[in-house]
Amino acid sequence: MEGMSRRHLPNAPILAAARGETPSRPPVWFMRQAGRSLPEYRAVREGISMLDSCFRPDLLAEITLQPVRRHDVDAAILFSDIVVPLKAAGVGVEIVPGRGPVMEHPVRTAEDVRNLPVLDGDTPAVTEGIGRILEELTDTQALIGFVGAPFTLASYLIEGGPSKNHERTKALMHSDPQLWHQLMQRLVPTITRFLQIQVDAGIDAMQLFDSWAGYLNEADYREFVLPYSKEILAAVDGVIPRIHFGVGTGELLGAMAEAGPEVVGVDYRMTMDTAAARIHAAAGPHALQGNLDPALLFAGEDAVRRRVRAIRDEVAAAQAAGHATGHIWNLGHGVLPTTQAEDVTRAVHIIHEEG
(Lines give C-alpha, C1' and ligand atoms only; values in the text may rest on other atoms or scores of the structure.)
Protein backbone atom coordinates (compact mmCIF):
# COMPACT_ATOMS: atom_id res chain seq x y z
CA MET A 1 0.00 0.00 0.00
CA GLU A 2 1.31 3.41 -0.89
CA GLY A 3 -0.33 6.54 0.46
CA MET A 4 -0.82 9.27 -2.11
CA SER A 5 -0.09 12.19 0.22
CA ARG A 6 2.20 11.04 3.00
CA ARG A 7 3.33 13.84 5.31
CA HIS A 8 6.99 13.93 6.31
CA LEU A 9 6.98 14.36 10.11
CA PRO A 10 10.51 13.87 11.49
CA ASN A 11 9.64 15.86 14.64
CA ALA A 12 6.35 14.20 15.57
CA PRO A 13 6.95 12.70 19.05
CA ILE A 14 4.57 9.76 18.56
CA LEU A 15 6.19 8.66 15.33
CA ALA A 16 9.66 9.00 16.85
CA ALA A 17 8.65 6.76 19.76
CA ALA A 18 7.13 4.21 17.38
CA ARG A 19 10.43 4.11 15.48
CA GLY A 20 12.42 3.59 18.67
CA GLU A 21 13.95 7.07 18.56
CA THR A 22 14.03 9.63 21.39
CA PRO A 23 11.03 11.96 21.03
CA SER A 24 11.23 15.70 21.71
CA ARG A 25 8.72 15.23 24.54
CA PRO A 26 6.82 12.26 26.02
CA PRO A 27 4.20 11.53 23.35
CA VAL A 28 0.61 11.06 24.49
CA TRP A 29 -2.82 10.50 23.01
CA PHE A 30 -5.86 8.88 24.60
CA MET A 31 -8.26 6.35 23.17
CA ARG A 32 -11.75 7.90 23.10
CA GLN A 33 -10.20 11.35 23.55
CA ALA A 34 -12.79 12.51 21.00
CA GLY A 35 -16.20 11.89 22.46
CA ARG A 36 -18.63 12.28 25.29
CA SER A 37 -16.17 13.71 27.82
CA LEU A 38 -16.05 16.91 25.74
CA PRO A 39 -18.91 19.43 25.94
CA GLU A 40 -18.07 20.65 22.43
CA TYR A 41 -18.52 17.07 21.17
CA ARG A 42 -21.92 16.75 22.81
CA ALA A 43 -22.93 20.06 21.25
CA VAL A 44 -21.84 19.23 17.70
CA ARG A 45 -23.35 15.71 17.81
CA GLU A 46 -26.75 16.81 19.11
CA GLY A 47 -29.50 15.16 17.08
CA ILE A 48 -27.01 13.36 14.78
CA SER A 49 -26.44 9.60 15.02
CA MET A 50 -22.99 8.19 15.69
CA LEU A 51 -22.67 6.50 12.30
CA ASP A 52 -23.96 9.56 10.44
CA SER A 53 -21.24 11.58 12.21
CA CYS A 54 -18.61 9.17 10.85
CA PHE A 55 -19.78 9.75 7.27
CA ARG A 56 -20.00 13.57 7.35
CA PRO A 57 -16.60 15.09 6.47
CA ASP A 58 -17.23 18.29 8.42
CA LEU A 59 -18.27 16.48 11.60
CA LEU A 60 -15.63 13.77 11.21
CA ALA A 61 -12.91 16.41 11.02
CA GLU A 62 -14.32 18.63 13.76
CA ILE A 63 -14.76 15.78 16.26
CA THR A 64 -11.31 14.34 15.51
CA LEU A 65 -9.66 17.73 16.06
CA GLN A 66 -11.54 18.85 19.21
CA PRO A 67 -9.31 17.00 21.73
CA VAL A 68 -6.11 18.05 19.91
CA ARG A 69 -7.08 21.69 20.29
CA ARG A 70 -8.19 21.34 23.89
CA HIS A 71 -5.74 18.88 25.45
CA ASP A 72 -2.42 19.45 23.59
CA VAL A 73 -2.16 15.73 22.77
CA ASP A 74 0.48 14.64 20.29
CA ALA A 75 -1.90 12.81 17.95
CA ALA A 76 -5.44 12.87 16.66
CA ILE A 77 -7.26 9.54 16.40
CA LEU A 78 -9.64 9.38 13.47
CA PHE A 79 -13.21 9.59 14.77
CA SER A 80 -14.76 6.34 13.63
CA ASP A 81 -16.26 3.10 14.85
CA ILE A 82 -15.31 -0.53 14.41
CA VAL A 83 -18.43 -1.12 12.27
CA VAL A 84 -17.90 1.83 9.88
CA PRO A 85 -16.36 -0.35 7.10
CA LEU A 86 -19.27 -2.79 7.42
CA LYS A 87 -21.73 0.09 7.05
CA ALA A 88 -19.76 1.41 4.08
CA ALA A 89 -19.90 -2.05 2.47
CA GLY A 90 -23.67 -2.15 2.81
CA VAL A 91 -24.20 -4.21 5.97
CA GLY A 92 -27.35 -3.27 7.90
CA VAL A 93 -26.00 -1.92 11.20
CA GLU A 94 -26.91 0.90 13.53
CA ILE A 95 -25.24 2.11 16.73
CA VAL A 96 -27.94 2.12 19.38
CA PRO A 97 -27.29 4.67 22.18
CA GLY A 98 -26.46 2.92 25.43
CA ARG A 99 -26.01 -0.43 23.72
CA GLY A 100 -23.62 -0.19 20.78
CA PRO A 101 -23.60 -1.62 17.23
CA VAL A 102 -26.67 -3.75 16.44
CA MET A 103 -26.90 -5.83 13.26
CA GLU A 104 -30.02 -6.00 11.14
CA HIS A 105 -29.25 -9.66 10.32
CA PRO A 106 -26.79 -11.71 12.42
CA VAL A 107 -24.29 -13.84 10.44
CA ARG A 108 -24.51 -17.49 11.53
CA THR A 109 -24.76 -19.73 8.46
CA ALA A 110 -22.67 -20.44 5.37
CA GLU A 111 -25.23 -18.56 3.32
CA ASP A 112 -24.97 -15.56 5.66
CA VAL A 113 -21.20 -15.52 5.17
CA ARG A 114 -21.50 -15.78 1.38
CA ASN A 115 -23.98 -12.91 1.35
CA LEU A 116 -21.91 -10.62 3.58
CA PRO A 117 -21.06 -7.51 1.51
CA VAL A 118 -17.38 -6.69 0.93
CA LEU A 119 -16.08 -3.11 0.73
CA ASP A 120 -14.30 -2.68 -2.59
CA GLY A 121 -14.90 0.96 -3.47
CA ASP A 122 -14.03 4.24 -1.81
CA THR A 123 -15.53 6.15 1.12
CA PRO A 124 -15.29 9.74 -0.15
CA ALA A 125 -16.62 11.22 3.10
CA VAL A 126 -13.79 9.63 5.11
CA THR A 127 -11.19 10.68 2.53
CA GLU A 128 -12.45 14.27 2.58
CA GLY A 129 -12.65 14.30 6.39
CA ILE A 130 -9.02 13.15 6.66
CA GLY A 131 -7.96 15.89 4.26
CA ARG A 132 -9.63 18.51 6.46
CA ILE A 133 -7.97 17.11 9.58
CA LEU A 134 -4.49 17.16 8.04
CA GLU A 135 -4.93 20.81 7.06
CA GLU A 136 -5.18 21.79 10.74
CA LEU A 137 -2.61 19.46 12.34
CA THR A 138 0.94 20.72 12.82
CA ASP A 139 4.00 18.78 11.73
CA THR A 140 4.45 17.51 15.29
CA GLN A 141 0.89 16.13 15.53
CA ALA A 142 0.21 12.75 13.91
CA LEU A 143 -3.12 11.47 12.63
CA ILE A 144 -3.72 7.88 13.68
CA GLY A 145 -6.08 5.85 11.51
CA PHE A 146 -8.43 3.29 12.93
CA VAL A 147 -9.68 -0.17 12.00
CA GLY A 148 -11.31 -2.89 14.06
CA ALA A 149 -9.74 -6.33 14.07
CA PRO A 150 -11.62 -9.19 12.37
CA PHE A 151 -12.35 -11.10 15.59
CA THR A 152 -14.18 -8.16 17.14
CA LEU A 153 -16.11 -7.50 13.93
CA ALA A 154 -16.98 -11.19 13.64
CA SER A 155 -18.30 -11.20 17.21
CA TYR A 156 -20.60 -8.24 16.53
CA LEU A 157 -21.86 -9.95 13.38
CA ILE A 158 -22.45 -13.36 14.97
CA GLU A 159 -23.93 -12.12 18.24
CA GLY A 160 -26.01 -9.50 16.42
CA GLY A 161 -24.62 -6.81 18.72
CA PRO A 162 -22.48 -6.37 21.83
CA SER A 163 -22.13 -9.48 24.00
CA LYS A 164 -21.00 -10.06 27.57
CA ASN A 165 -19.77 -13.62 27.03
CA HIS A 166 -19.40 -14.05 23.24
CA GLU A 167 -20.96 -17.49 23.54
CA ARG A 168 -22.37 -17.65 20.00
CA THR A 169 -19.03 -16.48 18.62
CA LYS A 170 -17.00 -19.10 20.48
CA ALA A 171 -19.59 -21.78 19.75
CA LEU A 172 -19.36 -21.15 16.00
CA MET A 173 -15.57 -21.03 16.17
CA HIS A 174 -15.41 -24.49 17.77
CA SER A 175 -18.44 -26.23 16.24
CA ASP A 176 -17.72 -25.18 12.66
CA PRO A 177 -14.09 -24.02 12.32
CA GLN A 178 -14.33 -24.08 8.53
CA LEU A 179 -17.21 -21.60 8.55
CA TRP A 180 -15.34 -19.43 11.06
CA HIS A 181 -12.32 -19.22 8.77
CA GLN A 182 -14.59 -18.44 5.81
CA LEU A 183 -16.10 -15.55 7.76
CA MET A 184 -12.66 -14.20 8.70
CA GLN A 185 -11.51 -14.46 5.08
CA ARG A 186 -14.64 -12.56 4.05
CA LEU A 187 -13.96 -9.77 6.59
CA VAL A 188 -10.26 -9.19 5.96
CA PRO A 189 -10.67 -7.54 2.51
CA THR A 190 -13.24 -5.06 3.89
CA ILE A 191 -10.99 -4.09 6.82
CA THR A 192 -7.91 -3.90 4.61
CA ARG A 193 -9.73 -1.78 2.04
CA PHE A 194 -10.91 0.67 4.70
CA LEU A 195 -7.33 0.89 5.97
CA GLN A 196 -6.07 1.46 2.41
CA ILE A 197 -8.54 4.33 1.98
CA GLN A 198 -7.19 5.98 5.14
CA VAL A 199 -3.55 5.45 4.09
CA ASP A 200 -4.21 6.92 0.66
CA ALA A 201 -5.88 9.91 2.31
CA GLY A 202 -2.72 10.56 4.35
CA ILE A 203 -2.92 9.04 7.86
CA ASP A 204 0.46 9.00 9.65
CA ALA A 205 0.01 5.83 11.74
CA MET A 206 -2.71 3.26 12.39
CA GLN A 207 -4.16 1.27 15.26
CA LEU A 208 -5.80 -2.13 14.96
CA PHE A 209 -8.36 -2.42 17.78
CA ASP A 210 -9.32 -5.92 18.93
CA SER A 211 -11.81 -4.94 21.62
CA TRP A 212 -12.97 -8.46 22.43
CA ALA A 213 -9.83 -10.58 21.84
CA GLY A 214 -9.25 -10.71 25.61
CA TYR A 215 -12.14 -13.16 25.89
CA LEU A 216 -10.03 -15.80 24.09
CA ASN A 217 -7.30 -18.05 25.39
CA GLU A 218 -3.94 -17.95 23.62
CA ALA A 219 -4.36 -21.23 21.71
CA ASP A 220 -7.70 -20.14 20.24
CA TYR A 221 -6.34 -16.67 19.46
CA ARG A 222 -3.39 -18.17 17.58
CA GLU A 223 -5.54 -20.56 15.57
CA PHE A 224 -8.63 -18.50 14.84
CA VAL A 225 -7.52 -14.84 14.91
CA LEU A 226 -3.78 -14.22 14.61
CA PRO A 227 -3.40 -15.15 10.90
CA TYR A 228 -6.04 -12.59 9.92
CA SER A 229 -4.80 -9.74 12.10
CA LYS A 230 -1.33 -10.45 10.69
CA GLU A 231 -2.69 -10.16 7.14
CA ILE A 232 -4.26 -6.77 7.84
CA LEU A 233 -1.13 -5.35 9.48
CA ALA A 234 1.05 -6.72 6.66
CA ALA A 235 -0.93 -4.62 4.19
CA VAL A 236 0.74 -1.45 5.53
CA ASP A 237 4.14 -2.91 6.39
CA GLY A 238 6.82 -0.30 5.80
CA VAL A 239 4.28 2.42 4.98
CA ILE A 240 3.20 3.74 8.40
CA PRO A 241 3.78 2.70 12.02
CA ARG A 242 1.28 0.10 13.25
CA ILE A 243 -0.19 -0.15 16.75
CA HIS A 244 -2.05 -3.26 17.96
CA PHE A 245 -4.32 -3.00 21.00
CA GLY A 246 -6.88 -5.14 22.78
CA VAL A 247 -8.63 -5.10 26.14
CA GLY A 248 -7.84 -7.76 28.75
CA THR A 249 -5.13 -9.16 26.51
CA GLY A 250 -2.32 -9.68 29.03
CA GLU A 251 -2.15 -13.39 28.17
CA LEU A 252 -2.12 -12.61 24.44
CA LEU A 253 0.48 -9.82 24.27
CA GLY A 254 3.20 -12.03 22.81
CA ALA A 255 0.91 -13.40 20.11
CA MET A 256 -0.44 -9.92 19.33
CA ALA A 257 3.14 -8.72 18.86
CA GLU A 258 3.70 -11.60 16.44
CA ALA A 259 0.94 -10.14 14.26
CA GLY A 260 3.53 -7.60 13.10
CA PRO A 261 2.97 -4.17 14.72
CA GLU A 262 5.77 -1.81 15.69
CA VAL A 263 3.82 -0.80 18.82
CA VAL A 264 1.86 -3.02 21.21
CA GLY A 265 -0.81 -1.43 23.38
CA VAL A 266 -1.04 -2.56 27.00
CA ASP A 267 -4.20 -2.23 29.06
CA TYR A 268 -4.20 -1.11 32.70
CA ARG A 269 -4.25 -4.60 34.27
CA MET A 270 -0.51 -5.27 33.90
CA THR A 271 2.71 -3.40 34.62
CA MET A 272 4.57 -2.15 31.57
CA ASP A 273 7.79 -3.99 32.37
CA THR A 274 5.93 -7.32 32.74
CA ALA A 275 4.11 -6.66 29.46
CA ALA A 276 7.39 -5.80 27.72
CA ALA A 277 9.01 -9.04 28.95
CA ARG A 278 6.12 -11.09 27.53
CA ILE A 279 6.24 -9.27 24.21
CA HIS A 280 10.02 -9.55 23.97
CA ALA A 281 9.98 -13.29 24.73
CA ALA A 282 7.59 -13.93 21.84
CA ALA A 283 8.57 -11.38 19.23
CA GLY A 284 11.58 -9.33 20.32
CA PRO A 285 11.60 -5.73 21.60
CA HIS A 286 8.72 -3.48 20.57
CA ALA A 287 7.58 0.02 21.37
CA LEU A 288 4.87 0.04 24.05
CA GLN A 289 1.68 2.06 24.35
CA GLY A 290 -0.23 2.68 27.58
CA ASN A 291 -1.27 2.21 30.27
CA LEU A 292 -2.73 4.69 32.78
CA ASP A 293 -6.00 3.42 34.28
CA PRO A 294 -8.77 5.68 32.88
CA ALA A 295 -10.47 5.65 36.32
CA LEU A 296 -7.41 7.42 37.78
CA LEU A 297 -8.43 10.59 35.95
CA PHE A 298 -11.12 10.88 38.65
CA ALA A 299 -8.60 10.54 41.47
CA GLY A 300 -6.98 13.98 41.42
CA GLU A 301 -3.61 15.38 40.41
CA ASP A 302 -1.44 13.69 43.05
CA ALA A 303 -2.73 10.21 42.23
CA VAL A 304 -2.23 10.74 38.49
CA ARG A 305 1.27 12.09 39.04
CA ARG A 306 2.25 9.12 41.22
CA ARG A 307 1.00 6.62 38.68
CA VAL A 308 2.62 8.44 35.75
CA ARG A 309 5.96 8.28 37.56
CA ALA A 310 5.48 4.58 38.27
CA ILE A 311 4.67 3.81 34.62
CA ARG A 312 7.66 5.90 33.51
CA ASP A 313 9.90 3.80 35.77
CA GLU A 314 8.38 0.53 34.53
CA VAL A 315 9.10 1.53 30.93
CA ALA A 316 12.63 2.62 31.84
CA ALA A 317 13.23 -0.79 33.41
CA ALA A 318 11.91 -2.51 30.27
CA GLN A 319 14.16 -0.40 28.07
CA ALA A 320 17.18 -1.05 30.29
CA ALA A 321 16.50 -4.79 29.98
CA GLY A 322 16.35 -4.49 26.19
CA HIS A 323 12.67 -5.48 26.15
CA ALA A 324 11.19 -2.20 24.83
CA THR A 325 12.28 0.27 22.16
CA GLY A 326 10.06 3.24 23.02
CA HIS A 327 6.88 4.38 24.73
CA ILE A 328 3.71 6.16 23.63
CA TRP A 329 1.61 7.31 26.58
CA ASN A 330 -2.04 6.38 26.59
CA LEU A 331 -4.73 5.09 28.90
CA GLY A 332 -5.09 1.38 29.47
CA HIS A 333 -8.46 1.68 27.71
CA GLY A 334 -10.59 4.64 26.59
CA VAL A 335 -11.52 7.91 28.29
CA LEU A 336 -14.62 7.16 30.38
CA PRO A 337 -17.68 9.17 29.23
CA THR A 338 -18.21 10.89 32.60
CA THR A 339 -14.60 12.14 32.80
CA GLN A 340 -14.31 15.91 33.14
CA ALA A 341 -12.52 17.45 30.15
CA GLU A 342 -10.29 19.46 32.52
CA ASP A 343 -9.05 16.23 34.11
CA VAL A 344 -8.01 14.87 30.71
CA THR A 345 -6.11 18.09 29.95
CA ARG A 346 -4.41 17.90 33.34
CA ALA A 347 -3.34 14.27 32.78
CA VAL A 348 -1.78 15.20 29.43
CA HIS A 349 0.09 18.07 31.10
CA ILE A 350 1.38 15.78 33.88
CA ILE A 351 2.59 13.21 31.32
CA HIS A 352 4.42 15.87 29.34
CA GLU A 353 6.03 17.04 32.62
CA GLU A 354 6.83 13.72 34.26
CA GLY A 355 6.87 11.14 31.46
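Guide: Let's settle one term before anything else: two residues are in contact when they have heavy atoms within 4.5 Å of each other. Also keep in mind that this is a predicted model.

The part I'd pick is the loop around Gln33, which runs between helix H1 (13-18) and helix H2 (39-45). Gln33 has a relative accessibility of 1%, so it counts as buried. If you skip neighbours within four places in sequence, its contacts are Leu38, Pro67, Val73, Ala75, Ala76, Ile77 and Val335.

Now step back to Arg32, which is found in the loop between H1 and H2 as well. Arg32 comes out at 47% relative accessibility, so it is classed as partly exposed. Its backbone deserves a look too: phi is near 60°, a positive value in a residue that isn't glycine. For context, most residues other than glycine have a negative phi, and most peptide bonds are trans.

With that in mind, here are two other spots to check. Asp72 sits in the loop between helix H4 (57-71) and strand S1 (75-77), and its phi is near 65°, positive again for a non-glycine residue. Its relative accessible area is 37%, which means that Asp72 is partly exposed. The other spot is a peptide bond: the one from Gly290 to Asn291 is cis, with omega near -5°. Asn291 belongs to the loop between strand S8 (286-289) and helix H15 (301-320).

An unreviewed UniProt entry puts a "binding site" feature at Arg32, Gln33, Ala34, Gly35, Arg36, Asp81, Tyr156, Ser211 and His333. Those positions span 302 residues of sequence and are spread out in space too, with C-alpha atoms up to 23.3 Å apart. The lining of the largest pocket includes Arg32, Gln33, Ala34, Gly35 and Arg36 from that list, along with Asp81, Tyr156, Ser211 and His333.

The unreviewed entry also gives a "domain: Uroporphyrinogen decarboxylase (URO-D)" feature at residues 27-36 and 144-160. Residues 27-36 are 0% helix and 0% strand, with end C-alpha atoms 23 Å apart. Residues 144-160 are 59% helix and 29% strand, and their end C-alpha atoms lie 28 Å apart.

Next, some helix packing: H8 (residues 150-159) and H9 (residues 167-175) have axes that come within 8 Å and cross at roughly 105°. That angle makes H8 roughly perpendicular to H9. On the H8 side the contact is made by Phe151, Ser155, Ile158 and Glu159, and on the H9 side by Glu167, Arg168, Thr169, Leu172 and Met173. Sorted by class, this H8 and H9 contact has 4 nonpolar, 2 polar and 3 charged residues.

One last stop, in the segment before H1, is Leu9. Its relative accessibility is 5%, so Leu9 counts as buried. Beyond residues up to four places away in sequence, Leu9 touches Leu15, Arg19, Asp139, Gln141, Ala142 and Asp204. Leu9 and Ala142 are 133 residues apart along the chain, yet their C-alpha atoms are separated by 7.9 Å.

Key:
Residues numbered from 1 in each chain as written. Predicted model: local features only at pLDDT ≥ 70, side-chain atom pairs only at ≥ 80, totals over all residues. Heavy atoms only, no water. Axes fitted to C-alpha atoms, helices over the stretch in contact; angles between N-to-C directions. Helix = DSSP H or I, 4+ residues; strand = E, 2+ residues; numbered from the N terminus. Parallel < 35°, antiparallel > 145°, perpendicular 65-115°, else oblique. Nonpolar A, V, L, I, M, F, W, Y, C, P; charged D, E, K, R; others polar. UniProt positions renumbered as here; feature names shortened; annotations may be inferred. 1 Å grid on protein atoms, 1.4 Å probe; cavity = no way out; pocket = protein on both sides within 12 Å on 5 of 7 lines; lining within 4 Å. Buried < 20%, exposed > 50% of the residue type's maximum accessible area, 1.4 Å probe, protein only.
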